[in-house]
Amino acid sequence: MVDQLPHHNPTWTPTCVYEIPEMPPKTRCSSKSHDPGRQCTRFFKLCGKQVPRQLVDFLIEIGDIRAHSTYLCLNCKDDAAIKFECSKNADPSSEPTSCLGETSGASYGEPAAKKRALKMRDFTNEIIEEIDGGYFSIEDLQRIATAIGRSQSKCVYEDSMSITKQFQDADLLQTFNMEEWLLTRNSVVIAFLIGIGGRELNNISNRLQLLLVRCVEQIYYFRNLNFVAPLAFMKNLLAYYLTGSKAVVTQDAGYPSSSYSGIQAWIKNHSEDPLQCPDNADVVTFLDNNQVLQRKWRVQTDFKSTSSVITTIVHIIPDKTAILQHKTELSPRQWLNVEERVNVKDALLTKIQQQEDSFSKYRDQFISAQLNIIFQQQTSRDGTITDVINDEIISPHTKPQDRYTFIPSRHPDEKPVVIMGDPAFENPCSYESVEKVFNHILEQTNIGSSDGRKWTMVGCDGLPYALGSRIQDSFFKCLECTREFVCREEFEEHRKEHSHCMLTPLVDCRKYNNIVLIPGLGHIEMNMVKAIVKLLWEPAFIDLARMLGFNSIRALQCCQNCSDHHKSWQMVQIFLHAMGQELLLPYVQKVILEGGSPSPAGYYHWLQGVQNPNYNFMKEVVFTYCLAIHVFRAGVRRNNTEAINIAKTKFSSLFFGLNMPFYMEIITRDSLVRLQCPPDVIGFIGDHESYSVSGNDSKGEGGDFVLESKNRKTKMFIPAGLPDNNKWLQVCRNVDKLEKINERMSQIIDVCGADDDYTYSPDLAHEIYSFRRIIRKQNYLRNDNESNHNTLGGKKLDKELINFGTKCKENRLHFISGFVENGTFHKKYEPIFVLEAENIANKTKSEIACVIEVELQRIEDTDMSNRWKKIKNKTKADFLEFLKEI
């Protein structure tokens, strides 16, 4: 056969005949020594009884057939039988002559097999040389390629069947290794693809390796249409996870990536086991509601929107080595005593004053930085100071990652572990539902077991925190009869009537004395922004909003309500830097003319001579409240408990001035808890105020915002329609798995995830500069003869607004005193009037009477209504006093 091959003959020219070769008969002999010239119409299956197993093993051993061969013709069977008998009769001590008259080189034992292998290698090398030399026609190459493909068809099919279940293993998908996967696939197929690509298997990039895996998957799928490949399945699964779209999944038809029903089955199968919270480390559990509203595409009589609401839960393990929650002596039942709050009132007020005083270092640091910026912008010519103001951006750009570096980072070296928990099918907006959520969390975190946690920490936003704290104060459980009570008075009556728990301390009978509640920092920041926008809307923020393009009524309302927290935060940053720089500008220019250098101390001295009410109001707003928000955000980003609590305390008085009841209570309760905490517990809280899931030192966030991120991902994963409890459960139990698969896929395709790079943060230098021009154009801060307190747009502000800071602190002191003494306190203080027209004292008697009657209808109090009938004919001062009582 070798002699018949074309050799290097200069007179021979390879031809390219693009014809489909004649297909061989369906049944053919598998023997390599088969002679096509000998006609034979009878074939035997190698797995049948007609061909002895010993003969089959012998043919495989000498290389005449392959292990997966199927048929043997009658002629080759007879020849094989002769060879087999010769090999059995051969004398192993000599070099016998075979039945073909050859010596040991032709014997059919092991030496013969080796010689045949050497001859086949030479034959193969000669064939390869002829192929590389281009001496085969296209027809011949097609026949060779077809033969190779046919020879591997069964192997590929069997291999595809052996790995078609790999996609069901979530752990394999999360750690999928392309190189290891390729090493266990059909080597002939991979070698063919490497040759097609003109590559070397040991020297291919990650991208080419990815393409090779996809090619192999497609070839396997072409051989076995039921094959599901792991990488293709990952791609389709993540497409559904990121879009929630059935249409996107069905676009992958023709790929070994499973169908939409297959993906749904995978999700269902991986949601059967409850999510477990690890017991071997301290955990902080955060909760928040998550809801989907039903859409209706038609009008309907008496229609009421339907929603599906649950409480999603996430467990954060910030330190894998901490085991404080396994120590009974650190449980809040040992130290969180409601009855002893009155004893820490003085300590709380002292702590507040210390933190207020400590804020000065951040103010000095900020003012010093802004003084340096303004100083560099000034030009002195002929005894006058010129501020370089033109269309160019003159403010230096700040890299996003440098924005918060003025606060030292306290993030641990190791990233926190974030684990999704099974949801509670309650909306935490009532005492009953919050209690059920507490029970659910205690069960999940294994509280109370002999070898488990003795207590835990739970974080949440404003409403659940307030309701949960009140539940902790008021809900009791009798340790003798297990009866539960929702107020202390009922429990005390039960103790006296039945003589139960008479010797048991009251704190031990509180039902939820094994939970430490902590407020979510993300929601505190959101409400800080809302408070400062509410205060500054009329004085200046409405002008900033219009400058930024919020011109329609609807756009201004959304801006005023802080509907988009990210945009509202950027507006606060613009206002802080623009107004702050304009406040410092007169002082800097004065110092330059005098030949000095600006400093924070010099600025404070210069302030004593400023009489402009606009300036004095903005000075306090910017360098106290706006700056406190900035420091708070930086503290959260850098996990710096000192910065967080100092800034929070400095800003908190505004909550009391603007009558924000939930956050008035939250700030007070959180401060009291921190005062009563043992050193180990407060140390743990301080070390883990915020969490950097990405590991970036400037990307910390409160645990409530970590959960918000999970909530957004669950929303993407929910198909159209209103989800039931089973669908919520499937989504929550698969989110963590899909996140890890997504991370692995990002590594495979060499794409950075959002957490691997710094999140987009815009440079606001141009906006800051533009707002400075508006402030300067209105001559808002530089008119020393100005006696009226006006808005940036020229409206008159209330004459008492200049003293709002003092009023805020007075309200805070009054609220804290009442709360500590009474255990709970609800007080609505007189509002801060911003515009002069808003002040009720500036209205007429008839206008005040209308306000009183509206309030009386709201409260539906008969005694107050009867009193109003007697006061109607009295003076305006009596009207105002009665309105305060209402």
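Helix α21 covers residues 613–638, 26 residues in total, and spans 36 Å from its first C-alpha to its last. That is close to the 38 Å expected at 1.5 Å a residue. The model is predicted.

**Helix α21**
- The helix has a kink of about 35 degrees, centred on leucine 627.
- Most of α21 is covered, with 23 of its 26 residues buried.
- At its start, a side-chain oxygen of asparagine 612 comes to within 2.8 Å of the backbone nitrogen of asparagine 614.
- Asparagine 639 follows the helix and has a positive phi, near 55 degrees.

**Nonpolar cores**
- The largest nonpolar core holds 117 residues.
- Seven of them touch the most other members: Ile532, Phe575, Tyr603, Met618, Leu654, Phe655 and Phe804.
- Leaving aside residues up to four places away in sequence, phenylalanine 575 touches Met618, Val621, Val622 and Cys626, among others.
- Its other contacts include Leu536, Phe541, Gly580 and Phe771.
- A second, separate core has 48 residues, including Val156, Phe176, Met178 and Ile718.

**Hairpin β5–β6**
- Strand β5 (residues 378–381) pairs with β6 in the antiparallel sense, over four bridges.
- Serine 380 has isoleucine 385 of β6 as its bridge partner.
- Two residues lie between the strands, and aspartate 382 takes a positive phi near 55 degrees.
- Side chains alternate along β6 (residues 384–387).

Methods. Residues are numbered from 1 along each chain as its sequence is written. This is a predicted model: local features need pLDDT of at least 70, side-chain atom pairs count only at pLDDT 80 or more; totals for chains, interfaces and linings use all residues. Side-chain values use heavy atoms; hydrogens and water are left out. The expected span of a helix is 1.5 Å times one less than its number of residues. The bend at a residue is the angle between axes fitted to the seven residues ending there and the seven starting there. Buried means under 20% relative accessible area, exposed over 50%, partly exposed in between (1.4 Å probe, protein chains only). A polar contact is a pair of N or O atoms within 3.5 Å; within protein, one must be able to donate a hydrogen and the other to accept it, and residues adjacent in sequence count only if both atoms are side-chain atoms. A nonpolar core is a set of buried Ala, Val, Leu, Ile, Met, Phe, Trp, Tyr and Cys residues joined through side-chain atoms within 4.5 Å. Contact means heavy atoms within 4.5 Å. Two strands pair if DSSP finds at least two bridges between them.
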